[in-house]
Each structure stands twice: as C-alpha cells, then as structure tokens.
Amino acid sequence: MAKIRKISLAAVSVLLSALLILSGFMIYKELSDRQKEKEDFAELAELVQIEPSDNRHPDEPNTSDDDDTEPAHRRDLAPLFAQNGDCIGWICIPDTEVDYPVMHTPKNPQKYLRRNFYGEYSVSGVPFLDGRCGMDSDNLIIYGHNMRNDTMFGSLPKYMEQDYRQAHPVIEFETEAGCAEYTVFAVVTVKKYDDWYGFIKAADREEYEKQLETIRSKALYCADIIPEYGCQLLTLSTCYDSANDGRLLIIAVNTQ
C-alpha cells in the first residue's frame, strides 16, 4: 500500500512539474509574441516617418506664405500601401501607445481582428475601419483590441480620467488625402449592439443631430463641443466589460 502511495505521489509530482513547465512556456511565448508585435509596429512607424526637409539656418526667417498651415502629410504612407493594399491610413494619439496603421476590408470586415499587418495570425490584430465606412462617411468607426499591455486600444480606458483627456485631446487620422485632426468630445460606454454602430452616414441634419443628442445622453464625459452637421466624426471602439458585451467609445470631431 505504501509503495502504491509513493508511486501515486511521484506521478502527481511529475504531472505538476509538467504543468509548471507548460505554463511557463505558454507565458514566455505570450510575452515573446507581444514583444515581437511591438517591434513589428515600431518598424512600421519608423518606415512612415518623414525626414525634415527644412534646411534653413535656425536664425534665418521663414518667408513662406503658408506659415500657419499644418502640413498636408505627417507620414509617408506610400511604403505601407505598397506592402499591403488593405492599409488605408494611420491612427495616432500623440504621446500615447496608439500609433498604428489602419486596415479596411469591406468584403471581409473583420479580416484583421486576429491578423497582423502581414496577414499572419496575431492575438492583437490591427486597428481596422468599419467595412461599411467610406472616407466620406459622417462617422468613421475604427475598431481595436483592448490589450492588457496597453497596446492597440488598451490605453483608451484612460480617457475616463480627466487629466488624461486634457493631456490627449486630439486624434490624428492620416490617409492618402492627408492628416486630419479630430478633437475628442465624448467618452461613452455602450453595449456592442448600440445604435451608434449603425450610424455611418446621416440622411440629413435631423438624423445627424439626433444621433449626437442620443450618444451624448449616454456619455460618461462630454466636452462643450457640439459638432455641427457636416463635420466628420471619428469613433474609436474597443472592448470594455466584455463579459457583459460592453464597449468603450472615444468619439471625436474634425472641425478643420
């Protein structure tokens, strides 16, 4: 009997050791995969950087007639477009983790939900524009995962904090047409089937204003900004309280 007990304890010890080794390997692989994803996106961010072309001496005045205008482009997206035709732009919230390419595949809307920029399997995926949207839509909806390491849209819940909102009021969305700035005016938690996801293009002013009134009534935070009919909206959507089908929306408006 004692011998059987010893054998059983030995078997349990071997099993526990195997489980620990397997768990350790899985944790290592996950951390390694997340780090690799960070490095891949960092390479893409470096690829689209535009080198300064202004070689004037620092004391030399700038005599350009358009001193007060923002540059049409802040990144060179052509290399990304050449590598992957599904890429339509770049989303960036300055001084945050949000600094990624944006994909758009209307015929397969969630293609990049679990794929990286190169089409390989990825838990993090790549932010993507709603398949129903066009660049002239009244409401551009971009989806991204709420990752625990703050990558993708994992930092968006920080918009619930006043200091964070004040420090990061602008979202840049750059496309082939140029870099547009959107000012955050609402932070909202909704269910994943909320009517806001059906608001892509307003039929008229009345619908536009009604949609805004409804979403503002649900907001955790609203700025004094009230978008006017004709101003394009940008919605960043990510999971929040996903066990209850919750979603977090950061909604901004282009007033340029």
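**Rings, a helix and the core**

So, the structure holds 8 aromatic pairs; rings of Phe, Tyr and Trp (its six-membered ring) pair if their centres lie within 6.5 Å, and planes under 30 degrees apart count as stacked, over 60 as edge-to-face and the rest as tilted. One of them, Phe-117 with Tyr-118, is edge-to-face, at 5.4 Å centre to centre and 85° between the planes.

Quick housekeeping. This is a predicted model, where local features need pLDDT of at least 70, side-chain atom pairs count only at pLDDT 80 or more, and totals for chains, interfaces and linings use all residues. Residues are numbered from 1 along each chain as its sequence is written, and side-chain values use heavy atoms, with hydrogens and water left out.

Back to that pair: is Phe-117 buried or exposed? Phe-117 counts as buried because its relative accessibility is 2%, while Tyr-118, at 42%, is partly exposed. For us, buried means under 20% relative accessible area, exposed over 50%, and partly exposed in between (1.4 Å probe, protein chains only).

Ring pairs also tie Trp-196, Phe-199, Tyr-208 and Tyr-229 into a cluster. Tyr-208 brings us to helix H4, and it's one of the buried residues there, along with Gln-211, Leu-212 and Ile-215. They sit on the same side of H4, because they cover an arc of only 95° around the axis, taking the directions from the helix axis to the C-beta atoms. On the other side, Glu-206, Lys-210, Glu-213 and Ser-217 are exposed. Helices (H or I, at least four residues) and strands (E, at least two) are DSSP runs, numbered from the N terminus.

What covers those buried H4 residues? Strands S6, S7, S8 and S9 are among the elements that do, with contact meaning heavy atoms within 4.5 Å.

Ile-91 touches Leu-236 itself, and its other contacts include Val-98, Ile-142 and Phe-173.

Last stop, the loop between S8 and S9. Most residues other than glycine have a negative phi. Asp-241, in this loop, has a positive phi of about 55°.

How values were computed:
Lists of a residue's contacts leave out its neighbours within four places in sequence.
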